[in-house]
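Open the model in your viewer and keep the selection panel at hand. The stops below go from one selection to the next.

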Amino acid sequence: MHPDYLAPHYANSALLCIDMQNDFVLPQADYAIPGTHEVAPAVALLANHFRTAGRPIYHAVRLYLPDGSNVDACRRALIQSGRQIVAPGSSGAELIDLLNPSGERMDTDRLLSGDFQWLRSGLEAIFYKPRWSAFHETRLHTELQARRIDTLVIAGCNYPNCPRATIYDATSLDYRVVLAKDAVSRLYPQGEEEMRGIGVTLSSFQEIGALLPPALTSPPTQ
């Protein structure tokens, strides 16, 4: 019998929440991504499942410098024109309250330098990604390997861009990937078919929560 290379190993899993920042989520924000505010409660409940299980959570975020120097080419002119989106130090760049119950603010200098900012639990971190994929020029792969994580559960904003790019990179690195289909914005039927075609498991946040094993007796080493 051949081994199953795709089935999630929830005992070796981590949650990756992508771009769940005020400027992208809050409906009153000028550049809110459609559908993201609606899935935010599901993302938060999924995060709570991981916290209860004592499993790591990583929050990938964008930070656009006012001069546009670190911004994707397709948005650089917009930022250089004076528009502020997820600007370092702004309230719009912060994680939404639902995902940040302790109210910790980002250390943007640290994040922009490439470091992880660990939150009070020691099992939850924020990191900055300069492009669509959470693996592009970040320490994410090194961090996951150090914790012996082989399964990545992905949620957040918004499927056609950052989650999809991240998923393709994750599968290229041989991670077992689960897409929380009701906790990611702008997912569409063809996208679901594309994900299944590359071996991604699609599950609801409740299904994922039910499959997480009980909390570890001690937290993994940072």
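**Sheet edge**

Select Val 178 and Thr 201: Val 178 stands opposite Thr 201, which is in strand 7. This is a predicted model, where local features need pLDDT of at least 70 and side-chain atom pairs count only at pLDDT 80 or more, while totals for chains, interfaces and linings use all residues. Residues are numbered from 1 along each chain as its sequence is written, and side-chain values use heavy atoms, without hydrogens and water.

Now show strand 6 (residues 176–184) with strand 7; they pair in the parallel sense over three bridges. Strands (E, at least two residues) and helices (H or I, at least four) are DSSP runs numbered from the N terminus, and two strands pair if DSSP finds at least two bridges between them.

Next, select helix 2 (residues 36–53), which packs on the sheet and touches strands including strand 1 (13–18) and strand 6. Its direction makes about 135 degrees with that of strand 6. Contact means heavy atoms within 4.5 Å; axes are lines fitted to C-alpha atoms, for helices over the stretch in contact, with angles from 0 to 180 degrees between N-to-C directions.

Colour the whole sheet: seven strands, open, mixed pairing, order 3-4-2-1-5-6-7. Its edge strands are strand 3 (117–118) and strand 7 (201–203), each pairing on one side only.

**Aromatic pairs**

The count is six aromatic pairs, taken as Phe, Tyr and Trp (six-membered) rings with centres within 6.5 Å; planes under 30 degrees apart are stacked, over 60 edge-to-face, the rest tilted. Select Tyr 159 and Tyr 188: this pair is edge-to-face, 5.5 Å centre to centre, with 80 degrees between the planes.
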